[in-house]
Amino acid sequence: LKDTQVLDIGCGTGGPSIALARDMGARVLGIDIEPQLLDRARALAQDADVADRVEFRQVTPGPLPFEDGRFDVVFSKDALIHIPDKQALFAQIMRVLKPGGALAASDWLSGENADDGASRL
């Protein structure tokens with residue numbers, strides 16, 4: 001990932017963004033809707049000495065405010081589940097990815113009648 005352009009959707013306090021920059025050499029743009037989380041992310045990036053490789057930006061829900069084909073990788077951890085219109089979301093992700101780019105995402109999921117384990121505690 002060295003010198004690739006990565007978009008981190010729902011970056012929160014920036015942990016994965018910072019790790020991608022520090023450990024993999026990526027250039028990361030983390031986006032979130034919560035300004036207080038982004039303030040913390042910026043401070044953590046400064047502390048990790050990667051503020052020159054990581055930018056954090058507040059966005060509003062809706063279309064991604066980036067030009068077509070800007071990113072080599074779109075990454076997201078535990079955020080996509082919160083976006084109601086998945087079809088529009090994935091259309092936006094595909095739009096901002098470069099041809100041949102990659103999407104790496106994970107989310108938590110529980111089925112309708114899933115046992116949450118609380119009864120075993």
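Tutor: Phe71 lies in strand β4; helices (H or I, at least four residues) and strands (E, at least two) are DSSP runs, numbered from the N terminus. This is a predicted model, in which local features need pLDDT of at least 70 and side-chain atom pairs count only at pLDDT 80 or more, while totals for chains, interfaces and linings use all residues. Residues are numbered from 1 along each chain as its sequence is written, and side-chain values use heavy atoms, with hydrogens and water left out.

With a relative accessible area of 0%, Phe71 is buried; the term means under 20% relative accessible area, against over 50% for exposed and in between for partly exposed, with a 1.4 Å probe and protein chains only. Not counting residues up to four places away in sequence, Phe71 touches Gln5, Val6, Leu7, Leu29, Phe66, Val96, Leu97 and Lys98, where contact means heavy atoms within 4.5 Å. Arg40 is 31 residues from Phe71 along the chain, and the C-alpha atoms of the two are separated by 24 Å.

Val6 is one of the residues that Phe71 touches. Leaving aside neighbours within four places in sequence, Val6 is itself in contact with Leu20, Ala26, Arg27, Val28, Leu29, Phe71, Val73 and Phe75. Thr4 lies in the segment before β1 (5-9). Thr4 counts as buried because its relative accessibility is 18%. Beyond residues up to four places away in sequence, Thr4 touches Ala26, Arg27 and Asp72.

Next come the nonpolar cores, each a set of buried Ala, Val, Leu, Ile, Met, Phe, Trp, Tyr and Cys residues joined through side-chain atoms within 4.5 Å. The largest has 15 residues, and Val6, Leu20, Val28, Val50, Val54 and Phe56 are those with the most contacts inside it. Two or more residues of this core come from each of α1 (15-24), α2 (35-47), β3 (54-58) and β4 (71-77). Phe71 belongs to a second, separate core of 14 residues, which also includes Val59, Phe66 and Leu89.

As for the whole chain, there are three helices and five strands, and from the N terminus on the elements run β-α-β-α-β-β-α-β. Buried residues make up 35% of the 121 residues. Of the contacts between residues at least 6 apart in sequence, 68% join residues at least 24 apart. The C-alpha trace spans about 45 × 35 × 25 Å along its principal axes.
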